[in-house]
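These are my notebook entries on one structure.

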Amino acid sequence: MRDVEAVFREERGRLLAALVRRFGDLDLAEEVTSDAIEAALKHWPIEGVPPKPGAWLMTTARRKAVDRLRRDRALAARLAVLQVEAERAAHAPPADADGDLPDERLQLFFTCAHPALPAEDRGALTLRCLAGLTTPEVARAYLVPVQTMAKRIVRAKKKIREARIPFRVPGADELPERLPGVLQVVYSIFTEGYAASSGPDLQRLDLTEEAIRLARILRRLLPAEREVAGLLALLLLIHARRDARTGPDGEPVLLDEQDRGRWDRAMIEEGSALVVAALSGGPPGVYGVQAAIAALHDEAADLATTDWPQIVALYDVLRALDPSPVVALNRAAAVAMRDGPEAGLALLDELGGEPLLRGYHPYLVARADLLHRLGRLPEAATAYRAALEAAGSEPERAHLRRRLAAVEGS
């Protein structure tokens, strides 16, 4: 019998996307998707998982949607208007030669990147509703409180409803404007899978592999877009280390301790080739530069022979393109490797006043590790306690408890 949770992870996004496309109402689609999953939880443990679980869920969800429309005449009337508008929009110029994007979820990624929505709401809505991340996971991706993120999601839904933004494939002339938002969403899905914000596992491979799949679709759809190549390269070069990132107990294995023989060399070669495409023919983009950094890590034999001066130089380029605190944090960590922990710690302390980094787990861990390397053990212990409080997944917490115990034991 297939694992029921795995089925839900695989089918939820497809189900929700198809229902939104069918009914044109995100709230209704979410409600009946949840109802269908609840029905599956009731019947499948007794009857077994059906041969075509997605079809079972779709049939159940459609029936429940019809039941809701029968009970709510106002909703039915509103959806009738939306469906007429959707049929008109369906005659718009196709986005590619086949007249459609190859995945309904990706269609809705572009829809939720509609310029009528505030920029901060677009990715949040897509991650929550279409990629299946929880509101806390989305909040972590954007470094904001959970309540703030919940309000953004509600606001975006309301805007779509009131402005009657159609759920349709954008025309070819609209794709470039919406592409950055779509790339950000795909990257955020990967980021949550790379280091889960909660739960028993460090990595959620279902999310990382889904993000890579979507990035491949984008690459096929838009082969001339260098940032699409950069994003796919970045995901592949990071994901290539997946088997070496955790130990037998599931705890994180740091980069300098990883068995690089377990890295996926075919994936690294593919990612490195895409870096060339991403950085050729024009000014660099943020994903192309990040991919170049990842390639330098993957091509090095060990931490000591890594080209840290070049990595710092690339972070300088990236900081000019994206002057965010997270980029500055990563640059400080690279400077610590190039110039020593004291230089890196000085940069981290300068960033301490950034609101986005307060309580940000990677910042707290980086600072604790540098204090540890400098032998400032009481301060390191305090920093590890702060990082432990901010850690999400249990493997991260176990790892930090072990490091804290080592510092306190010293």
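Entry 1, salt bridges. I counted a salt bridge where a side-chain nitrogen of Lys or Arg lies within 4 Å of a carboxyl oxygen of Asp or Glu. The model is predicted, so I note that local features need pLDDT of at least 70 and side-chain atom pairs count only at pLDDT 80 or more, while totals for chains, interfaces and linings use all residues. Residues are numbered from 1 along each chain as its sequence is written, and side-chain values use heavy atoms, with hydrogens and water left out.

I searched the whole structure and found 20 salt bridges. For burial I used relative accessible area: buried is under 20%, exposed is over 50%, and partly exposed is in between (1.4 Å probe, protein chains only). Helices are DSSP runs (H or I, at least four residues), numbered from the N terminus.

I first looked up Asp 349, which forms a salt bridge with Arg 367, with 2.9 Å between the closest N and O atoms. Asp 349 is in helix H16 (residues 341–351) and Arg 367 in helix H17 (residues 361–373), so this pair ties together parts 18 residues apart in sequence. Asp 349 is partly exposed at 39% relative accessible area, and Arg 367 counts as partly exposed at 24%.

I then looked up Arg 204, whose salt bridge partner is Glu 137, the closest N and O atoms again being listed, at 2.9 Å apart. Because Arg 204 lies in the loop between H9 and helix H10 (205–221) and Glu 137 in helix H7 (residues 135–142), the pair ties together parts that are 67 residues apart in sequence. Arg 204 counts as partly exposed at 23% relative accessibility, whereas Glu 137 counts as buried at 6%.

I also recorded a network of salt bridges that links Asp 27, Glu 30 and Lys 157.

Is H13 enclosed or open? Eleven of its 14 residues are buried, so H13 is largely enclosed by the rest of the structure. Among the buried residues are Tyr 287, Val 289, Ile 293, Leu 296 and His 297. Taking contact as heavy atoms within 4.5 Å, I found that the buried residues of H13 pack against helices H9 (175–194), H11 (226–239), H12 (265–279) and H14 (308–321).

Asp 298 and Arg 241 meet through their side chains in a salt bridge (2.7 Å, N to O). Asp 298 lies in H13 and Arg 241 in the loop between H11 and H12, so the pair ties together parts 57 residues apart in sequence. Asp 298 is buried, at 0% relative accessible area; Arg 241 is buried too, at 9%.

I defined a core as buried Ala, Val, Leu, Ile, Met, Phe, Trp, Tyr and Cys residues joined through side-chain atoms within 4.5 Å. The largest has 95 residues, and those with the most contacts inside it include Leu 19, Val 186 and Leu 235. H11 gives the largest share of this core, ten residues. A second, separate core of 26 residues includes Ala 336 and Leu 400.

Key
Helix = DSSP H or I, 4+ residues; strand = E, 2+ residues; numbered from the N terminus.
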